[in-house]
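Hi everyone, thanks for coming.

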Amino acid sequence: MKGYLPDSAFIPAHHMPAALIDLVQDQGIDTHRLFRHTGLFPDTLMRGEARLSPQDYLQLIHNARQLCPDPELPFRYGQRLFPGHYGAISALLGQAGNLQECLLGFEDYTALISPLIGMRITRSQDYLCVQWLDTCGAGSHWPFLVESAMAGLTSVTQWLSGRSLPWQFQFSYRCPPWPEQYQVHLGGPLHFESCMDAMLLPRGLVDIPWPGGAATGWNVARQQCHQQLQQLGFSHSLRQRLYRHLQKRVTAPPSLQEVAETLGTSPATLKRRLRQHDCHYQQLLDEVRLHQAILWLQFDGMTPEQVCRKLNFSDSTNFRRAFKRWSGLTPSACHKLLQALGE
Amino acid sequence: MKNLINRHRSTLVLLVVFANLIVLANLAAGDPKDWQELVWLDIAGEGGAAMLSLLWIALILNSRPGGRVTRMLVAGLSGIFMAYWQDLMDEFIRLPESIMWDHWLESGAMPLGMVMLTIGIYHWHREQQAISAQLLRRERIFREHRSLDSLTPLAGAHYLREQLRLELGHAHQSVALIMLDLHCFDHSRRLLGPADSDRLLKELGELLLLNLRQQDLLCRYAGDRFAVVLPGSGQGEAERIASELQQLAHHFAFKTRRGESHFIRVQTGIAIAHDDDEASLIERANLNLARSLSSCQAA
């Protein structure tokens with residue numbers, strides 16, 4: 001299976017995008033202006049035939065933010081997203097027997113449920129870490145996607161589990177001048193400027209059974225999701241596929257040439273495709289290494305020296321310089337910051 | 001624009017007809033001036049003034065609901081427009097000395113229009129006083145239309161911080177802040193659907209407003225959380241008002257679109273200002289709210 005590109009038109013406009021369209025329409029805003037440059041028309045949307053590419057979807061988000069510059073927008077949009085009525089994937093979420101089974105939907109079927117923002121799950125001894133990853137080069141809309149995804153996951157897990165879960169929230173960016181939106185819509189401890197966009201939950205809550213769980217229905221829904229992905233021909237974006245490939249080999253990263261061979265394409269094509277995602281190979285590799293370093297520092301109790309050795313840096317000065325370039329922080333400052341979060 | 005034309009078709013048609021009649025009357029009675037005789041500075045000045053008064057008419061019609069005050073303002077501005085319009089015609093057309101109606105139009109329409117405009121503005125002022133009285137508990141000290149929340153007609157968190165900063169500037173009086181949050185609103189939202197849950201917030205806002213004192217201020221902090229500023233109140237009074245608001249919400253039978261009653265519960269968190277700034281006051285109120293939430297869930 002290959003990965004989808006920012007211009008692959010496969011997202012049914014009446015699924016996730018419709019949540020945003022309805023929300024903006026509720027504010028009394030004209031749809032013509034909302035649909036500008038998205039290639040979307042009211043009649044094809046209503047017939048259920050319209051398919052958006054990730055690029056179009058991002059344009060729709062851009063228009064919505066222009067027309068409705070309310071900081072509450074991403075949160076309200078996120079709260080309407082899941083489990084949704086998107087066919088098999090919604091059935092899978094709705095019948096999940098616990099958090100693990102719910103998150104599996106997001107992790108394995110990104111193309112069906114959350115095409116613009118992917119999920120990386122890390123299980124440490126104490127915590128479950130749900131990290132959000134850019135799949136298609138969101139640029140300035142990244143905070144919007146993070147906020148909607150976090151609000152969505154918080155809301156759907158509370159709804160399906162029948163209790164509010166004590167999530168903690170970590171953001172890579174600085175707290176904007178509207179902290180109240182995060183406090184009220186997400187709740188929980190909020191940590192801004194903390195290297196990654198992630199949600200943490202005590203490990204023990206992952207397997208607690210949910211009231212609406214139905215094993216048979218869940219299994220059938222999972223198979224149907226699988227069939228849908230077979231028809232589409234992909235489950236994740238090309239950027240995300242490459243991220244996952246590099247993640248597995250983070251201690252001895254392959255060259256661009258090798259990666260291209262594994263993906264069955266030429267280095268030139270791979271480079272061009274990555275450019276479409278608004279990134280390049282080295283940048284993606286740096287991102288993977290930074291994320292891995294953070295996870296090791298935060299959850300595996302490693303020191304910056306151990307991380308440096310594990311990532312195969314020749315000496316600590318090189319590692320320091322590289323880490324500073326990736327994150328803006330020195331490894332020891334980042335270590336200190338992440339240690340403080342755990343307390 | 002289309003909307004404006006549709007709503008005020010008759011007013012606009014009347015204006016265009018009058019303007020045309022003036023042009024025709026001038027053409028019929030007088031002779032056009034030569035090219036060299038035209039004074040361009042006067043034409044620009046008088047024409048510009050006529051166009052501006054037209055623009056004011058459009059803005060007034062577009063921004064105000066119909067009614068006596070609007071009619072008065074538009075009639076006044078129309079008079080001013082007619083006077084300038086005739087003035088402009090004079091620049092292009094020479095009327096014989098014997099004709100007097102142009103003087104009447106120029107010197108009569110202007111003062112008449114001004115008088116009507118003045119009466120209109122006076123009534124507008126009275127109307128504004130009535131509206132301000134209604135808005136009192138939503139605005140408190142200053143007006144800022146940009147900070148209005150898009151969902152409920154209340155001000156948001158930014159406005160709350162500004163107001164608290166002003167209140168805390170008066171060192172001599174104590175200020176109390178109540179944070180009020182709906183219990184399990186996430187659950188209600190999924191049960192009611194987006195339209196009804198938005199309306200629930202709006203109606204709860206109205207209800208809370210009715211039960212506050214003249215000097216209090218209600219804002220929507222974010223989501224389903226409201227903030228009440230109580231100037232000059234101490235712990236005891238704040239607790240009394242908070243419990244009144246809780247009871248009030250408890251008895252509020254919100255009606256869904258299907259006509260069913262939906263009941264809600266609210267939690268409150270109170271903070272009294274002890275020489276702290278607005279951010280720490282808000283933080284303490286939120287903290288107390290979180291405490292009452294967790295004790296409520298444990299129970």
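Let me begin with a question: what volume does the largest cavity have? The answer is about 110 Å³. Before going further, a word on what we are looking at: this is a predicted model, where local features need pLDDT of at least 70 and side-chain atom pairs count only at pLDDT 80 or more, while totals for chains, interfaces and linings use all residues. Residues are numbered from 1 along each chain as its sequence is written, chains are lettered from A and ligands numbered from 1 in the order in which they are written, and side-chain values use heavy atoms, with hydrogens and water left out.

Back to that cavity. By cavity I mean a set of points, on a 1 Å grid over the protein atoms alone, where a 1.4 Å probe fits but cannot get out; a pocket is an open set with protein on both sides within 12 Å along at least five of seven lines, and lining residues have an atom within 4 Å of a point. Grid points are joined across faces, edges and corners, and a volume is the space filled by probe spheres set on the points.

The structure holds two cavities of 30 Å³ or more. Around the largest cavity we find 14 lining residues, and Tyr57(A), Tyr77(A), Leu81(A), Ser114(A) and Ile117(A) lie nearest its centre. The lining has 12 nonpolar residues, two polar and no charged. For those classes, Ala, Val, Leu, Ile, Met, Phe, Trp, Tyr, Cys and Pro count as nonpolar, Asp, Glu, Lys and Arg as charged, and the others, Gly among them, as polar. H9(A) gives the most to this lining, with three residues. Helices (H or I, at least four residues) and strands (E, at least two) are DSSP runs, numbered from the N terminus.

Now to the largest pocket, with about 1300 Å³ of space. Its lining counts 50 residues, and nearest the centre lie Val184(A), Leu186(A), Gly187(A), Arg225(B) and Leu293(B). Here H10(B) gives the most, with eight residues.

One salt bridge joins Glu180(A) to Arg161(B), with the closest N and O atoms 3.1 Å apart.

Over all chains the count comes to 23 salt bridges. In chain B, Arg64(B) and Glu127(B) form one at 2.8 Å, N to O. That pair links distant parts of the chain, 63 residues apart.

Two backbone details to finish. The peptide bond from Phe82(A) to Pro83(A) is cis, with omega near -5°. And His37(A), a residue other than glycine, has a positive phi, near 60°.

Methods: A salt bridge is a side-chain nitrogen of Lys or Arg within 4 Å of a carboxyl oxygen of Asp or Glu.
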